[in-house]
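Hello,

Please have it open while you read.

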Amino acid sequence: MDAFEPSLIAFVCNWCTYTAADLAGTSRLYYPPNVRLIRVMCTGMVDPQYVIKAFLEGADGVLVSGCHPGDCHYINGNYKARRRIRLLKEILPRFGFDERRLRLTWIGASDGIEFSHIITELVEELKGLGPVQTQNSMVI
Ligand code: FES
């Protein structure tokens with residue numbers, strides 16, 4: 001039997017985490033290939049529906065990652081994201097998803113090593129949780 005390889009969708013801010021991912025790549029740092037990056041201009045534009053849709057379409061985990069508090073290029077987008085993620089963690093179980101599958105992080109543009117560590121840690125955690133059990137038929 002093949003070992004479970006989780007799929008991780010990461011919504012990353014253009015200005016910070018995407019740049020950190022790029023730095024990790026150009027620095028030849030290792031991180032698992034399980035992650036698919038979706039570059040957004042700011043975490044504040046990540047609609048909660050995007051997260052739920054990612055899970056409903058087969059993601060085993062979702063990461064939202066952007067600039068550190070106070071560093072958002074759109075003033076307060078990351079604070080909005082933080083509030084939305086908090087609410088999403090409350091409602092995800094109603095859709096049948098463990099809230100541990102969703103994570104919000106702040107990774108600055110120069111934090112390639114941090115990016116590599118977080119992706120590695122999250123993929124390992126998702127392996128521990130196992131595949132998503134799709135037991136619902138909810139459609140947004
Ligand atoms: S611009 Fe990076 S989180 Fe807003």
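This is a predicted model: local features need pLDDT of at least 70, side-chain atom pairs count only at pLDDT 80 or more; totals for chains, interfaces and linings use all residues.

**Loops, sheet and cavity**

Asp-71 sits in the loop between S3 and H3. Residues are numbered from 1 along each chain as its sequence is written, and side-chain values use heavy atoms, with hydrogens and water left out.

Back to Asp-71: its relative accessibility is 45%, so it counts as partly exposed. That term covers what lies between buried (under 20% relative accessible area) and exposed (over 50%), computed with a 1.4 Å probe and protein chains only. The C-alpha atoms of Asp-71 and Glu-124 are 29 Å apart, and the two residues are separated by 53 residues along the chain.

Ile-75 is in the loop between S3 and H3 as well. Its relative accessible area is 69%, which makes Ile-75 exposed. Its phi is near 70°, a positive value in a residue other than glycine. You will find a positive phi, near 60°, at Arg-28 too, again in a residue other than glycine. Arg-28 belongs to the loop between helix H1 (17–26) and S2, and at 79% relative accessibility it counts as exposed.

One more loop residue to look at is Gly-58, between H2 and S3. Gly-58 is partly exposed, its relative accessible area being 40%. Its C-alpha atom is 9.6 Å from that of Pro-6, a residue 52 positions away along the chain.

Now to the sheet. In what order do the 4 strands stand in the open sheet? The order is S2-S1-S3-S4, with parallel pairing; two strands pair if DSSP finds at least two bridges between them. Strand S2 (35–40) and strand S4 (102–106) are at the edges with a single partner strand each, so one side of each has no neighbour in the sheet. From one strand to the next, the twist averages 20°.

Here is how the strands are joined:

- Strand S1 (residues 8–13) pairs with S2 over 6 bridges in the parallel sense, and Val-12 has Arg-39 of S2 as its bridge partner.
- S1 also pairs with S3, in the parallel sense over 5 bridges; the bridge partner of Ile-9 in S3 is Val-62.
- S3 and S4 pair over 5 bridges, again parallel, and Leu-63 has Arg-103 of S4 as its bridge partner.

S3 is mostly covered, with 6 of its 6 residues buried. In a regular strand the side chains alternate between the two faces of the sheet. In S3, Gly-61, Leu-63 and Ser-65 point one way and Val-62, Val-64 and Gly-66 the other way, and all are buried. S4 has 4 of its 5 residues buried, so it is largely enclosed by the rest of the structure.

Helix H2 (residues 48–56) lies across S1, strand S3 (61–66) and S4, running at about 150° to S3. Contact here means heavy atoms within 4.5 Å, and axes are lines fitted to C-alpha atoms, for helices over the stretch in contact, with angles from 0 to 180 degrees between N-to-C directions.

Finally, the inside. How many cavities of 30 Å³ or more are there? The count comes to 1. A cavity is a set of points, on a 1 Å grid over the protein atoms alone, where a 1.4 Å probe fits but cannot get out, and its lining residues have an atom within 4 Å of a point. The largest cavity has a volume of about 40 Å³, a volume being the space filled by probe spheres set on the points. Its lining consists of Thr-43, Val-46, Asp-47, Pro-48, Val-64, Ala-81, Arg-84, Ile-85 and Leu-88. Helix H3 (residues 77–91) gives the largest share of that lining, 4 residues. By type, the lining divides into 6 nonpolar, 1 polar and 2 charged residues; Ala, Val, Leu, Ile, Met, Phe, Trp, Tyr, Cys and Pro count as nonpolar, Asp, Glu, Lys and Arg as charged, and the others, Gly among them, as polar.

Best wishes

How values were computed:
On a 1 Å grid over the protein atoms alone, a cavity is a set of points where a 1.4 Å probe fits but cannot get out, and a pocket is an open set with protein on both sides within 12 Å along at least five of seven lines; lining residues have an atom within 4 Å of a point. Helices (H or I, at least four residues) and strands (E, at least two) are DSSP runs, numbered from the N terminus.
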